[in-house]
Every structure is written in structure tokens, then in C-alpha cells.
Amino acid sequence: MQSFVQVQALKQSFPSPSGEGDLVVFDDINFEIAKGDFVCIIGHSGCGKTTILNVLAGLEAATGGNAFIDGREISGPSLDRGVVFQAHALMPWMTVHANIAFAVRSKWPDWSRAQVDQHVQQFIDMVHLQGSENKKPSQLSGGMKQRVGIARAFAIQPKMLLLDEPFGALDALTRGNIQDELVTIVRQTKQTVFMITHDVDEAILLSDKIFLMSNGPRAKLAEIVTNPLPRDRTRATMHHDPKFYEVRNDLIDFLVHRSKTFAAA
């Protein structure tokens with residue numbers, strides 16, 4: 001059975017500043033993602049995580065290889081994929097409602113205003129922003145802005161959600177609260193998710209599989225770790241599972257030791 005997302009022999013390189021050959025960021029990246037899976041990708045800066053995400057989003061073309069979603073090759077941006085970046089990317093002159101409605105109208109241009117309003121409100125409620133519909137981004141906290149970005153991405157009902165460290169700039173408490181909300185939303189919608197994170201605990205909480213990138217240049221997808229914790233894990237309870245510490249120690253060991261060894265090899 002064909003996987004929902006397929007990446008084959010992906011490569012990205014750039015001209016060397018010295019003019020001698022190319023600088024290869026990553027090479028021969030191969031992986032598959034099943035429909036409904038939540039995948040986190042971890043690796044040190046410079047290994048090409050964001051570039052891989054941008055290729056999946058259709059925002060960047062790889063030097064070599066191919067990427068497919070639902071049997072179709074990715075060749076540019078599409079409303080089939082929702083993207084949330086670390087910077088919220090909201091339109092500052094628009095309200096919360098208008099920011100989400102703009103995306104909804106792009107996906108369903110024939111909808112009436114009543115249909116759009118009802119759909120937008122559903123996703124505002126989903127991220128618990130009731131009462132903030134008419135506020136502009138300047139009136140929102142960092143966590144609230146990210147909730148709007150998440151609501152906007154989910155509102156277009158994409159085939160895949162792409163998250164580039166969406167909680168990296170948030171304080172620990174806000175980050176934890178939004179993580180919990182994301183877990184709930186993904187379980188309700190059975191969304192397929194590809195997420196970049198530097199937070200090992202976040203990866204264990206959210207993901208079904210964790211992709212480990214070796215150090216760049218010429219980074220590789222070194223290992224794929226299947227999360228052994230049950231899917232109903234929560235931030236409050238997962239630390240009580242002995243498997244949590246096993247997988248956490250393995251991930252940290254990779255980042256500290258094996259990522260360098262793999263790259264050197």
C-alpha cells in the first residue's frame with residue numbers, strides 16, 4: 001500500500017562561497033509517512049530540517065530527488081498543506097476572525113459569508129480564542145498569535161500540516177498549554193503532521209515517529225525512532241512511564257554523540 005507522503009533521494013546543495021564546487025546541505029534523504037501520523041524531525045542547526053519542510057510545503061525546490069503527497073508530486077505551494085512557522089505570520093491589519101477567514105475564502109471562494117463565519121468560528125473555538133475574534137495581532141500575546149496561526153492552518157482542512165518550531169519563542173507554561181491543545185486537536189482531526197523541534201520532550205509528547213538528522217554538511221536521515229509510549233500520553237503523565245526515559249536518553253545520546261559520528265562516517 002502506497003504511503004501518504006513519500007520522499008525519495010532528496011538532495012539540497014548551494015554554490016560554495018569559495019566558488020569551488022557545491023556545498024551539500026543534505027543528500028539521499030528517503031522516508032515515508034502514513035496518513036494520520038505525527039512525525040517530528042530533530043537535528044542540529046545546519047542539517048537542513050527547515051529546507052526539507054519547505055520542500056514538503058512547496059516553498060523551495062530541492063536540487064535532486066522527489067517528494068510526493070497522496071500520490072502527486074509536490075511542485076509548489078498548495079492549500080493541501082497548511083504551514084505554521086515560529087513567527088506567527090498573521091496579517092497585522094486584520095482581526096483574528098479576518099486572518100482565518102482570508103484563508104478559508106481562498107480554499108472555498110464560493111462559500112457565502114455565513115458559511116465562512118460559521119467555519120471560522122468553529123476553529124476559533126477549537127483553539128479557545130472565544131472573545132478575541134475582533135482583536136488584531138498587536139492586541140494578542142505570543143501564545144494567542146500562535147493559536148490563531150494553528151487555527152488558520154487547520155481551518156483550510158489540509159491534507160498535511162507542516163510546523164516549523166511553532167512554539168520555540170514561547171515561555172514554558174504557554175508552550176505546554178498549546179502542546180496539550182495541539183495533541184487534542186490532532187487526535188480529533190486525525191491530521192497528518194510533520195514538525196521541526198529542538199525539544200526532545202516535545203517530540204516524545206507529540207509524535208508517533210521521530211526522524212533524527214546527522215550533522216551537516218552532507219547530513220543524512222540517520223535514524224527513525226518509533227515512539228513506544230501509548231498515544232493517549234499527556235504532558236502530565238508521560239514522565240511516569242519508564243519507556244519515556246529510555247527513549248529520551250536515546251534521543252539525547254544521538255544528539256550529543258551519534259549525530260557527529262554518523263556525519264563523520
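Which residues touch the most other members of the largest nonpolar core? The points below start there.

1. **Basis.** This is a predicted model: local features need pLDDT of at least 70, side-chain atom pairs count only at pLDDT 80 or more, and totals for chains, interfaces and linings use all residues. Residues are numbered from 1 along each chain as its sequence is written, and side-chain values use heavy atoms, with hydrogens and water left out.

2. **Main core.** Phe38, Ile100, Phe154 and Ile204 touch the most other members of the largest nonpolar core, which has 51 residues. A nonpolar core here is a set of buried Ala, Val, Leu, Ile, Met, Phe, Trp, Tyr and Cys residues joined through side-chain atoms within 4.5 Å. Buried means under 20% relative accessible area, exposed over 50%, and partly exposed in between (1.4 Å probe, protein chains only). Helix H4 (residues 142-155) gives this core its largest share, six residues. Helices (H or I, at least four residues) and strands (E, at least two) are DSSP runs, numbered from the N terminus.

3. **Second core.** A separate core of 28 residues also exists; Val7, Val25, Leu53 and Leu162 are among its members. In soluble globular proteins, nonpolar side chains tend to be buried together.

4. **Ile204.** Set aside neighbours within four places in sequence. Ile204 is then in contact (heavy atoms within 4.5 Å) with residues including Ile210, Leu229, Met238, Phe244, Val247 and Leu251. Asn227, Arg233 and Arg248 are also on its contact list.

5. **Helix H1.** Eight of the nine residues of H1 (residues 49-57) are buried, so the helix is largely enclosed by the rest of the structure. The buried ones are Lys49, Thr51, Ile52, Leu53, Asn54, Val55, Leu56 and Ala57. Gly58 follows H1 and has a positive phi, near 80°. H1 lies across strand E1 (5-15), E2 and E4, and runs at about 60° to E2. Axes are lines fitted to C-alpha atoms, for helices over the stretch in contact; angles run from 0 to 180 degrees between N-to-C directions.

6. **Open sheet.** Four strands make an open, antiparallel sheet in the order E2-E1-E4-E5. Two strands pair if DSSP finds at least two bridges between them. E4 (residues 64-69) and E5 pair over two bridges. Phe68 has Glu73 in E5 as its bridge partner.

7. **Ser259.** Ser259 sits in helix H7 (residues 242-264). Ser259 counts as buried because its relative accessibility is 0%. Its side chain makes a polar contact with the side chain of Asn215 at 3.3 Å. A polar contact is a pair of N or O atoms within 3.5 Å; within protein, one must be able to donate a hydrogen and the other to accept it, and residues adjacent in sequence count only if both atoms are side-chain atoms. Beyond neighbours within four places in sequence, Ser259 is in contact with His44, Met213, Ser214, Asn215 and Phe254.

8. **Backbone checks.** Most residues other than glycine have a negative phi, and most peptide bonds are trans. The Gly216 to Pro217 bond is cis, with omega near -5°. Pro217 is in the loop between strands E9 (209-213) and E10 (221-226). Glu165 has a positive phi, near 45°, and lies in the loop between strand E7 (160-164) and helix H5 (172-189). Glu165 is partly exposed, at 21% relative accessible area. Lys190 has a positive phi of about 55°. Lys190 is in the loop between H5 and strand E8 (192-196) and counts as exposed at 63% relative accessibility.
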